[in-house]
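Please keep the sequence and the model in view while reading.

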2 protein chains.
Amino acid sequence: MREAYHVELDRLADKLASMSGMVANAMELATKSLLETDLQLAEQVISDDEHVDDTRAQCEEQAYSLLALQAPVATELRKVLAVIHAAESLERMGDLALHVARTARRRHPDPVLPPEVTPYFAEMGKVAVRLARQTEEIIKTTDVDAARALESADDEVDNIHRHLFTVIMDKNWPHGVAAAVDTTLLGRFYERYADHAVSVANRMIFVVTGKMPGYNSDEDL
Amino acid sequence: MREAYHVELDRLADKLASMSGMVANAMELATKSLLETDLQLAEQVISDDEHVDDTRAQCEEQAYSLLALQAPVATELRKVLAVIHAAESLERMGDLALHVARTARRRHPDPVLPPEVTPYFAEMGKVAVRLARQTEEIIKTTDVDAARALESADDEVDNIHRHLFTVIMDKNWPHGVAAAVDTTLLGRFYERYADHAVSVANRMIFVVTGKMPGYNSDEDL
């Protein structure tokens with residue numbers, strides 16, 4: 001019985017890790033669709049998001065049933081609780097990738113981004129996807145040092161995001177208001193995506209240490 | 001023993017309800033600071049947010065300890081889980097009110113909003129605060145019908161938000177890019193705030209029915 005319970009807990013962590021992989025792929029494709037004005041990729045991200053939502057529902061359901069049937073305590077309880085929180089954050093990351101894809105689709109066949117901001121998004125996309133892939137590993141290994149290191153990658157995204165704002169707010173921005181609005185919201189999507197990745201990593205630190213290293217902050221605004 | 005446990009559960013729900021009241025106040029003051037260019041109100045919202053964060057941490061801690069010590073099942077388990085999720089959403093609502101206040105502070109003594117969009121924000125603010133106050137009641141009563149009715153108030157916010165976008169995107173927007181960027185982000189803060197209120201109400205439906213009426217959606221973009 002005890003044995004089956006640990007197998008179930010491991011399966012739950014695997015499912016959560018796979019969700020992190022899914023939202024990494026989603027953001028990778030969404031960024032490509034944005035930068036290359038690729039409608040097909042955007043459509044793929046949009047239709048794939050259902051799998052993320054389903055996996056989240058499964059994670060939550062399995063976590064609830066573990067709580068009800070096994071009444072875990074200590075580390076096992078923290079694991080189950082971390083899954084519940086992390087699944088929520090990962091679903092949001094999927095939604096944010098979805099928003100990027102939808103923005104690309106909405107403006108197709110026109111590109112969304114003016115040429116001078118595309119490098120910012122290429123870079124934010126790269127770091128965001130890397131964060132999600134590292135989160136996938138951290139869920140599997142519960143490596144506290146790796147989880148703590150994620151904060152600095154998140155700082156990278158925040159930095160790019162801040163620079164992006166100075167470009168948009170420049171008095172000589174020649175692309176009009178609509179492009180500024182799209183660029184602003186897109187920047188926010190990447191920034192929030194990275195915040196959520198850090199939040200998932202922090203939940204894994206909580207599993208190991210029993211302490212939360214600060215809640216998902218959104219201080220950079 | 002059983003008695004003390006139910007007292008604790010009720011106290012937890014009260015604390016959660018008070019959190020909803022706090023974020024309603026925060027958004028009310030933040031909106032006033034925005035519309036009336038009132039720096040003092042903005043500062044108050046910014047400093048009060050700490051209490052929201054503390055209350056969230058307390059809710060989570062107490063919920064965790066109930067799970068560990070009482071191993072609740074059925075409705076009681078759902079109550080504790082709903083608190084865990086709802087506290088997260090309410091903390092986000094507090095953060096979003098904080099963002100509104102910070103935006104007001106950043107532009108002070110200038111107003112953030114061009115005159116033609118202020119009525120949209122007055123209205124979104126009113127509906128958003130009403131949603132949070134209704135959520136406070138719904139947490140106390142777990143009234144499923146009231147919780148379901150919240151969706152339509154959220155639709156109101158979404159509608160105003162959509163109209164707002166057509167105003168910003170109008171080719172004749174005369175206020176420049178910086179004002180458009182601020183207005184865009186502020187609109188998003190109100191929209192997300194309302195989404196989270198619905199999400200909290202949905203968690204209360206889950207307590208009663210055992211079914212989640214759809215996850216916190218962010219479809220309106």
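Which side chain does that of E91(B) join in a polar contact? The partner is R56(B), and the polar contact between the two side chains is 2.2 Å; a polar contact is a pair of N or O atoms within 3.5 Å, where within protein one must be able to donate a hydrogen and the other to accept it, and residues adjacent in sequence count only if both atoms are side-chain atoms.

The model is predicted, so local features need pLDDT of at least 70 and side-chain atom pairs count only at pLDDT 80 or more, while totals for chains, interfaces and linings use all residues. Residues are numbered from 1 along each chain as its sequence is written, chains are lettered from A and ligands numbered from 1 in the order in which they are written, and side-chain values use heavy atoms, with hydrogens and water left out.

- E91(B) sits in helix α3 of chain B, which covers residues 74–107; helices (H or I, at least four residues) and strands (E, at least two) are DSSP runs, numbered from the N terminus.
- With a relative accessible area of 7%, E91(B) is buried; buried means under 20% relative accessible area, exposed over 50% and partly exposed in between (1.4 Å probe, protein chains only).

**Relation of the two chains**

**Annotated domain in chain A**

- An unreviewed UniProt entry places the feature "domain: PhoU" at residues 17–103 and 122–203 of chain A; UniProt positions are given in the numbering used here, feature names are shortened, and annotations may be inferred rather than shown by experiment.
- Residues 17–103 of chain A are 93% helix and 0% strand, with end C-alpha atoms 27 Å apart.
- Residues 122–203 of chain A are 90% helix and 0% strand, and their end C-alpha atoms lie 28 Å apart.

**Cysteines**

- A disulfide is a covalent bond between the sulfur atoms of two cysteines.
- The count of disulfides over all chains is zero, where the rule asks for a pair of cysteine sulfur atoms within 2.5 Å.
- C59(A) is buried at a relative accessible area of 0%, and C59(B) counts as buried at 1%.

**Aromatic pairs**

- Over all chains, the whole structure holds four aromatic pairs; rings of Phe, Tyr and Trp (its six-membered ring) pair if their centres lie within 6.5 Å, and planes under 30 degrees apart count as stacked, over 60 as edge-to-face and the rest as tilted.
- One of them is edge-to-face, because the rings of F121(A) and Y190(A) have their planes at 70 degrees, with centres 5.6 Å apart.
- This pair links distant parts of chain A, 69 residues apart: F121(A) is in helix α4 (residues 118–141) and Y190(A) in helix α6 (residues 176–209).
- Both F121(A) and Y190(A) are buried.
- In chain B, the rings of F121(B) and Y190(B) also have centres 5.6 Å apart and planes at 70 degrees, so the pair is edge-to-face.
- F121(B), in helix α4 (residues 118–141) of chain B, and Y190(B), in helix α6 (residues 176–209), are 69 residues apart.
- F121(B) counts as buried at 0% relative accessibility, and Y190(B) is buried with a relative accessible area of 0%.

**Surroundings of A128(B)**

- A128(B) belongs to helix α4 of chain B and is buried, with a relative accessible area of 0%.
- Leaving aside residues up to four places away in sequence, A128(B) touches M27(B), Y190(B) and Y193(B).
- Between A128(B) and A4(B) there are 36 Å in space, C-alpha to C-alpha, and the two are 124 residues apart in sequence.

**Backbone features in loops**

- H108(A) and P109(A) are joined by a cis peptide bond with omega of about 5 degrees, and P109(A) lies in the loop between α3 (74–107) and α4 of chain A.
- In chain B, a cis peptide bond with omega of about 5 degrees joins H108(B) and P109(B); P109(B) is in the loop between α3 and α4.
- T142(A), a residue other than glycine, has a positive phi near 40 degrees.
- T142(A) lies in the loop between α4 and α5 (144–169) of chain A and counts as partly exposed at 28% relative accessibility.
- T37(B) is not a glycine, yet its phi is positive at about 50 degrees.
- The loop between α1 (2–36) and α2 (39–70) of chain B holds T37(B), which counts as partly exposed at 25% relative accessibility.

Note on methods: Contact means heavy atoms within 4.5 Å.
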